[in-house]
Amino acid sequence: MLELYQAVDRVEAQMLKDYLDQQGIASVILGDLLSGAAGKLPANIYPTLWVLEDGELVRAKRLTEQYFCKPPVAGEPWQCAVCGESIDPGFDICWNCATPGPNDNE
Ligand SMILES: [Zn+2]
């Protein structure tokens, strides 16, 4: 198992993990609250994404770069109807409370 990427928060780590899952790469998120149950506290508070198969690391890194180099999504930020947060147009759900946004049915 090799470390792939240090995310800024759990949401980002999970989004990248979901993307890698779609590409057929198994990964695991460590360093967040869930992994604390394993008994080993991480040295940092940021969740990190680990690739389970060492041989997949290079491909996973390439996919990670592609994932974060996507061109910006056109459109206006939308406001969450539940909590009022302003959400960037690239997101389909509110990052704060997970309420689906106006683009969810497209
Ligand atoms: Zn919200």
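A residue is called buried when its relative accessible area is under 20%, exposed when it is over 50%, and partly exposed in between, with a 1.4 Å probe and protein chains only. The model is predicted, so local features require pLDDT of at least 70 and side-chain atom pairs count only at pLDDT 80 or more, whereas totals for chains, interfaces and linings use all residues. Residues are numbered from 1 along each chain as its sequence is written, and side-chain values use heavy atoms, with hydrogens and water left out.

The secondary structure of the protein consists of 2 helices and 5 strands, where helices (H or I, at least four residues) and strands (E, at least two) are DSSP runs numbered from the N terminus. Along the sequence these elements follow the order β-α-β-β-α-β-β. The protein has 106 residues, of which 28% count as buried. Among contacts (heavy atoms within 4.5 Å) with a separation of 6 or more, 46% are accounted for by residues 24 or more positions apart.

Val51 belongs to strand S3 (residues 48-51). Its relative accessibility is 0%, and Val51 therefore counts as buried. When neighbours within four places in sequence are left aside, Val51 is in contact with Met1, Leu2, Leu4, Ile25, Ala26, Ser27, Glu56, Leu57 and Ala60. Val51 and Tyr5, 46 residues apart in sequence, have a C-alpha to C-alpha separation of 9.2 Å. Ile45 is placed in the loop between strand S2 (27-30) and S3. With 71% relative accessibility, Ile45 counts as exposed. The C-alpha atoms of Ile45 and Asp9 are 8.9 Å apart, and the two residues are separated by 36 residues in sequence.

Helix H1 (residues 10-22) and helix H2 (residues 57-68) have axes that come within 11 Å and cross at roughly 120 degrees. Axes are lines fitted to C-alpha atoms, for helices over the stretch in contact, and angles run from 0 to 180 degrees between N-to-C directions. H1 and H2 are therefore oblique to each other; angles under 35 degrees count as roughly parallel, over 145 as roughly antiparallel, 65 to 115 as roughly perpendicular and the rest as oblique. The crossing of H1 past H2 is right-handed, a term that applies if the near helix is turned clockwise from the far one by less than a right angle. On the H1 side, Glu12, Met15, Leu16, Tyr19 and Leu20 meet Ala60, Leu63, Thr64, Gln66, Tyr67 and Phe68 of H2. Lys17 also lies in H1. Lys17 is buried because its relative accessible area is 18%. Apart from neighbours within four places in sequence, Lys17 is in contact with Ser27, Val28, Ile29 and Leu49.

The zinc ion has as its protein donors the SG atoms of Cys80, Cys83, Cys94 and Cys97, at 2.2 to 2.3 Å. Donors are N, O and S atoms within 2.8 Å of the metal (3.2 Å for Na, K and Ca); water is not among the atoms, so sites may look incomplete. The donors of the zinc ion are spaced as C-x2-C-x10-C-x2-C along the chain. Cys80, in the loop between strand S4 (78-79) and strand S5 (86-87), and Cys94, in the segment after S5, are 14 residues apart and link distant parts of the chain. Cys80 counts as buried at 3% relative accessibility, and Cys94 is buried with a relative accessible area of 1%. The 4 donor atoms form a tetrahedral site, with angles of 105 to 118 degrees; four donors count as tetrahedral if all angles lie between 85 and 135 degrees. The ideal angle for four tetrahedral donors is 109.5 degrees.

How values were computed. Tetrahedral: all angles 85-135°; square planar, octahedral: opposite > 155°, others 65-115°.
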